[in-house]
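Visitor: I have just opened this entry and would like a short tour. Could you take my questions one at a time?

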Amino acid sequence: MSSRKYMEHALSEWMSSNGPDQDVVISSRIRLARNLNTHPFPMLATNSQSEEVLERIEQIMANEELGTISEFQFIPLDQLSELEKKVLVEKHLISPNLANEARHGAVILSQNESVSIMINEEDHLRIQCLCPGFQIREAWDLANQIDDVFESQLDYAFDEHRGYLTSCPTNVGTGIRASVMMHLPALVLTQQMNRILSAINQVGLAVRGLYGEGSEATGNVFQISNQITLGQSEQEIIDSLYSVVRQIIEHERAARQKLMNESRLRLVDRVNRSYGILSHANIMDTKEAAQRLSDVRLGIDLGIIENVSPTVLNELSVMTQPGSLQHWSGTKLSPEDRDIRRAELIRRKLAQP
């Protein structure tokens, strides 16, 4: 299986599946940070030590138990172009840090792209599992299963009192980051989002944008994740996140109903106006595309728009990003050319039956 397979389609196979509460929760993710006790952490490792880590982990690919989970592909990052790495970032399969800064980095991808294992990023191993909709516990079960396979073959850096040792102190302990990607347009429109964000921070959770730490929450898409990894078990962390996300889902649905009851005409006009602009615009920048697509997604969920599939919007959320636009165009594009190509792509996708 060639790495080219992962570049052929904007939409990962797992994103085409339906998931629980998918009207509000786009995806659920578990990420585990792990390091080898036998080697310096990536930021201090020499080139030869980093290469040894790569070779050691690649050997585990032959493990029969790993093969029962999925078929995996080992992809060294130096085999990919800068544009191909950017596509993997935009598909949430690798981090910007791995794409831009890692020495002797690699990624292991499952066939349906629901599992992504980054090597020599900030830590030796970052095991990431993704599920559609609100399936954070299912993502944890899968990540735990994969982690058990690697832990049986590797000597992890682990301390009896502190737990798993990681490059960043905020990951020490369980090494787990549990997160959900949520579409919260009604809470933004009803000006409740700041209050919700304040409450989330007070219970030890973090709110980030589409591409994690430091990114902007464009298109009303927010990542909610745990901040604490030390002093709590994995199950306690997941249960806490689950409880808060369940409440946010109900608040978002209540806000949507309020908009439908009290400002229906304005809401319908907003949705249809965005759909009309997306269907006919000749130039569209990334930020406007994200906001307009958010309006259309809300319209689909509320039954205002009936002829567009949410899957098309998921696909466009990736294909309209700068790297992906250039990759599928087959050429490097200037910012203005990207805006023209983005508008053309959106028009074509929305016109499909």
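Visitor: To begin, which residue is the bridge partner of Q73 in β3?

Guide: The bridge partner of Q73 in β3 is L109. Please keep in mind that this is a predicted model. Strand β2 (residues 72–76) and strand β3 (residues 106–110) pair in the antiparallel sense, over 5 bridges.

Visitor: Is β2 largely enclosed or left open by the rest of the structure?

Guide: Strand β2 is largely enclosed by the rest of the structure, because 5 of its 5 residues are buried.

Visitor: Which residues of β2 lie on which side?

Guide: F72, F74 and P76 are on one side, while Q73 and I75 are on the other, and both faces are covered. In a regular strand the side chains alternate between the two faces of the sheet.

Visitor: What is the order of the strands in the sheet?

Guide: The open sheet has 8 strands in the order β2-β3-β4-β5-β1-β8-β10-β9, with antiparallel pairing. β2 and β9 (205–208) stand at the edges with a single partner strand each, so one side of each has no neighbour in the sheet. From one strand to the next, the twist averages 20°.

Visitor: How many bridges join β1 to β5?

Guide: Strand β1 (residues 25–34) and strand β5 (residues 125–132) run antiparallel and are joined by 8 bridges. In β5, P132 is the bridge partner of S27.

Visitor: Which helix lies across β9 and β10?

Guide: Helix α7 (residues 193–202) lies across β9 and β10 (221–226), and runs at about 140° to β9.

Visitor: On to the other helices. At what angle do the axes of α1 and α5 cross?

Guide: The axes of helix α1 (residues 47–60) and helix α5 (residues 136–153) cross at roughly 120° and come within 10 Å. The crossing of α1 with α5 is right-handed. R56, I57 and I60 of α1 make the contact with V149, F150 and Q153 of α5. By class, that contact has 4 nonpolar, 1 polar and 1 charged residues.

Visitor: How far does α5 reach from its first C-alpha to its last?

Guide: Helix α5 has 18 residues and reaches 26 Å, close to the 26 Å expected at 1.5 Å a residue. Its buried residues include W140, I146, D147, V149 and F150.

Visitor: A new topic: lysines. Is K332 buried or exposed?

Guide: K332 is exposed, with a relative accessible area of 75%. This lysine is found in the loop between α12 (322–329) and α13 (335–351). The C-alpha atoms of K332 and H9 are separated by 19 Å, and the two residues are 323 residues apart along the chain.

Visitor: And K349, is that buried or exposed?

Guide: K349, in helix α13, counts as buried, at 12% relative accessibility. Leaving aside neighbours within four places in sequence, K349 is in contact with V312, E315, L316 and M319.

Visitor: One last point, on the backbone. What is the phi of D21?

Guide: D21 has a positive phi of about 55°, although D21 is not a glycine. This residue is in the segment before β1 and is buried, with a relative accessible area of 17%.

Visitor: Where is H92, then?

Guide: H92 is found in the loop between α3 (82–90) and α4 (96–100). Its phi is near 65°, a positive value in a residue other than glycine. H92 counts as partly exposed, at 22% relative accessibility, because buried means under 20% and exposed over 50%.

Technical notes: Residues are numbered from 1 along each chain as its sequence is written. This is a predicted model: local features need pLDDT of at least 70, side-chain atom pairs count only at pLDDT 80 or more; totals for chains, interfaces and linings use all residues. Side-chain values use heavy atoms; hydrogens and water are left out. Axes are lines fitted to C-alpha atoms, for helices over the stretch in contact, and angles run from 0 to 180 degrees between N-to-C directions. Helices (H or I, at least four residues) and strands (E, at least two) are DSSP runs, numbered from the N terminus. A crossing is left-handed if the near helix is turned anticlockwise from the far one by less than a right angle, and right-handed if clockwise. Contact means heavy atoms within 4.5 Å. Ala, Val, Leu, Ile, Met, Phe, Trp, Tyr, Cys and Pro count as nonpolar, Asp, Glu, Lys and Arg as charged, and the others, Gly among them, as polar. Buried means under 20% relative accessible area, exposed over 50%, partly exposed in between (1.4 Å probe, protein chains only). Two strands pair if DSSP finds at least two bridges between them. The expected span of a helix is 1.5 Å times one less than its number of residues.
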